[in-house]
Amino acid sequence: MHNDAIFQEIRKISGELHERVKAHRRYFHSHPELSMEEVDTSRKIADILEGLGYENVRIGTAGRPTGVVADLNSEKPGRCIALRADMDALPIKEDTGLSFASENEGVMHACGHDAHIAILLGVAELIMRTRDSFPWKVRLIFQPSEESGTFPGAKAMVGEDVLNGVDAITGLHVWMDVPSGKIGYRKGPLMASADKWEVRLQGKGGHGALPHMAIDPTLAAGHLITMMQSIVSRETDPLESIVVSVGKMEAGSAFNIIPDSVYLLGTTRTFNPELRKELPGRMKRIVESVSNAMRCEAEFDYHNNLPPTVNDADFTEQASAAAKKMFGDNKVIEIEPTMAAEDFSFYLEQIPGSFFFLGIGDESKGITAPHHHPKFQVDEDVLSDGVALIAGVAANYLAGEKA
Ligand code: NI
């Protein structure tokens, strides 16, 4: 089938699937599960895929019955594209008042991963309905634990060879900052790295009136926090982006006591994988120098949590051109990167691909609450666009081989 013909077919079928995708989204919205607890979610997804005719549907990641992988035509020659949706919810008490609000008290799909599941299930059905007329070769990845930060499901799945036999990958995130009805793409870095660091400064506690008898770790912490910003302002090319933030400080017990120690916990962000590699060393140097100058002992730990999400330039060029053909130039827009993070980055470290933002923000519908907010909502009118986008990008990649 010619490209334009399959695009037309995809638009038509995605429209027909809209109500079912919406129903699926509402089901998963009512039944949210936390990271690495997506057991019922996984079972339900596997049931739907098996019902559609997918064979060898596998459940399980990192020794847990969460995460679902299914293939179509894996035995056929030619390249294979992976299509990925994340599926975990957040520890948030929902406050939307929706008729299909969370039935799992204190847990909420407040990032839109319910929509991601439903969209990919829609793609799975579209693929089955066109399998006789188009040479699909796909791997569907329903990934657990995107939200946990410290246990990225993508990293676990990559470690379990989920990308074996796969040549490229695509996926999307519904995105409040992109207007509803628009599809956002970007070549190169789209989202930042998200790492975690910890510092413990050990001084010597004492009476608040007698600082000379003590070693004050709070003053050392003050200098340290200030000095750390010099990594951003004095050590980094101003055209590059780095964020160093302190998220937690712990010290002391009373107004007249100099505490024994200070604990700092924070995050660093950047789009640049090379700069990211340098951050632990730069921070360590400052921690050691400041603590030394202030007579404190320092412990420093740096945790590499998530790499930056860097879209492959060629893949994105071709995928965005295909999206423009399907949706028109006005609907498909180049977007600015965001300092938020996403564990899709682990796939893109291994193989080329692109991650898209599907706009859902619409003031006229009252859909404005940010991601991870108790009032977060998804504009369901765009769900079939999401199906068409993922299916179209995949078809374009698979057909491109012969071109
Ligand atoms: Ni998310």
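Where is the place of Ala62? The close-ups below take this residue, then others. The model is predicted; local features need pLDDT of at least 70, side-chain atom pairs count only at pLDDT 80 or more, and totals for chains, interfaces and linings use all residues. Residues are numbered from 1 along each chain as its sequence is written, and side-chain values use heavy atoms, leaving out hydrogens and water.

**View 1. Ala62 in its loop.** Ala62 lies in the loop between strand S1 (58-61) and strand S2 (64-72). Strands are DSSP runs of E, at least two residues, and helices are runs of H or I, at least four, numbered from the N terminus. Most residues other than glycine have a negative phi. Ala62 is not a glycine, yet its phi is positive, about 50°. Ala62 counts as partly exposed because its relative accessibility is 33% (buried is under 20%, exposed over 50%, partly exposed in between; 1.4 Å probe, protein chains only).

**View 2. Ser145 in its loop.** Ser145 sits in the loop between strand S4 (138-143) and helix H5 (153-159). Ser145 also has a positive phi, about 55°, and is not a glycine. Ser145 is buried, with a relative accessible area of 1%.

**View 3. Helices H4 and H10.** The axes of H4 (residues 113-129) and H10 (residues 383-400) come within 9 Å and cross at roughly 55°. Axes are lines fitted to C-alpha atoms, for helices over the stretch in contact, and angles run from 0 to 180 degrees between N-to-C directions. Residues in contact (heavy atoms within 4.5 Å) include Ile119 and Val123 in H4 and Val387 and Ile390 in H10.
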